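These notes are meant for a colleague opening this entry for the first time. Please read them with the sequence and the structure side by side.

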Amino acid sequence: MDMEDDERPDSHPGDEDLFRIGQALTRMRLMMGRRVIGRIAIARVAPGLDLSQLDLLEVVRRIEHAGGEATVGAIADAMRLDPSRGSRLVADMVSRGMLRRDASQEDGRRSLIQITGHGQHLLSEIRVVKQAAIENVTHDWSTADRHAFATLFERFINRFEEIHLPADRQEDETPAG
């Protein structure tokens with residue numbers, strides 16, 4: 001993809017690389033906005049689900065993996081939804097057999113949301129589809145290139161989240177004036 005000369009940064013030697021990264025992130029954001037991988041996965045393994053339901057399963061999995069408690073509030077917060085929308089999504093996935101509600105051992109009034117065997121199977125199948133999509137894109141890369149990309153991309157995303165997610169959450173919590 002050629003850039004016009006007047007779009008290229010010229011103030012510092014490293015600016016060209018930063019510009020290229022920014023351009024690639026914009027293209028990736030557009031693809032992710034279209035939810036290419038999620039749509040492929042749903043079409044192949046779970047035609048009755050929509051993307052928000054797939055996101056819900058993944059959020060519960062991440063909360064559990066991090067050692068947290070997946071409550072409706074935690075799920076809604078992670079998905080940046082209001083609690084009532086989060087509650088409706090959870091109830092729908094419980095009725096589909098993908099999630100179950102268990103009473104908290106510490107506080108019986110709270111429900112912990114857990115992924116059922118059926119939900120785990122779906123996540124596994126979706127992971128296979130995602131892996132296949134990535135394999136298709138990187139099939140002609142060397143093992144060293146894949147490793148370097150995985151390491152650097154993961155490092156970039158981790159640092160991006162570390163810097164920007166806390167600020168984003170603070171912004172959400174600031175009352176409008």
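1. Basis of the model. This is a predicted model, in which local features need pLDDT of at least 70 and side-chain atom pairs count only at pLDDT 80 or more, while totals for chains, interfaces and linings use all residues. Residues are numbered from 1 along each chain as its sequence is written, and side-chain values use heavy atoms, with hydrogens and water left out.

2. Confidence. The predictor's confidence in each residue is given as pLDDT, on a scale from 0 to 100. The protein chain has a mean pLDDT of 84, and 84% of its residues reach 70 or more. Over residues 1-6 the value stays under 50. For that stretch the model has 5 contacts beyond four places in sequence, a contact being heavy atoms within 4.5 Å. Where pLDDT is low, the predicted coordinates should not be read in detail.

3. Overall layout. The protein chain contains 7 helices and 2 strands, and along the sequence they follow the pattern α-α-α-α-α-β-β-α-α. These elements are DSSP runs numbered from the N terminus, with helices being H or I of at least four residues and strands E of at least two. Among contacts in the protein chain with a separation of 6 or more, 46% are between residues 24 or more positions apart.

4. Burial and surface. How much of the protein chain is buried? Of its 177 residues, 23% are buried. Here buried means under 20% relative accessible area, exposed means over 50%, and partly exposed is in between (1.4 Å probe, protein chains only). The accessible surface of the protein chain is about 12700 Å², and carbon and sulfur atoms account for 53% of that surface. Accessible areas come from the Shrake-Rupley method with a 1.4 Å probe; for residues, only the protein chains shown count as cover.

5. Aromatic pairs. The whole structure has 3 aromatic pairs. Rings of Phe, Tyr and Trp (its six-membered ring) pair if their centres lie within 6.5 Å; planes under 30 degrees apart are stacked, those over 60 are edge-to-face, and the rest are tilted. Why is the pair of Trp141 and Phe149 edge-to-face? The planes of these two rings stand at 90 degrees, with the centres 5.5 Å apart, so the pair falls into that class. Trp141 is partly exposed at 32% relative accessibility, and Phe149 is partly exposed at 44%. Ring pairs also bring in Phe153, giving a cluster of Trp141, Phe149 and Phe153.

6. Phe156 and Phe160. These two rings form a tilted aromatic pair, 5.8 Å from centre to centre with 35 degrees between the planes. Both residues belong to helix α7 (residues 143-173), and because they are 4 residues apart, about one helical turn separates them. Phe156 has a relative accessible area of 31% and is partly exposed; Phe160, at 41%, is also partly exposed.

7. Nonpolar patch. Which helix gives the most to the nonpolar patch? That is α7, with 3 residues. Helices α1 and α7 each supply at least two residues.

8. Salt bridges. The structure holds 6 salt bridges, each a side-chain nitrogen of Lys or Arg within 4 Å of a carboxyl oxygen of Asp or Glu. One of them joins Arg20 to Asp17, with the closest N and O atoms 3.4 Å apart. Both residues lie in helix α1 (residues 15-33), 3 residues and about one turn of the helix apart. Asp17 is partly exposed at 43% relative accessibility. Another links Asp102 and Arg100, with the closest N and O atoms 3.1 Å apart. Asp102 is partly exposed at 26%, and so is Arg100 at 37%.

9. A link between helices. The side chains of Arg146 and Glu135 form a salt bridge with an N to O distance of 2.6 Å. Arg146 is in helix α7 and Glu135 in helix α6 (residues 117-138), so this pair ties together parts that are 11 residues apart in sequence. Arg146 is partly exposed, with a relative accessible area of 32%, and Glu135 is partly exposed at 38%.
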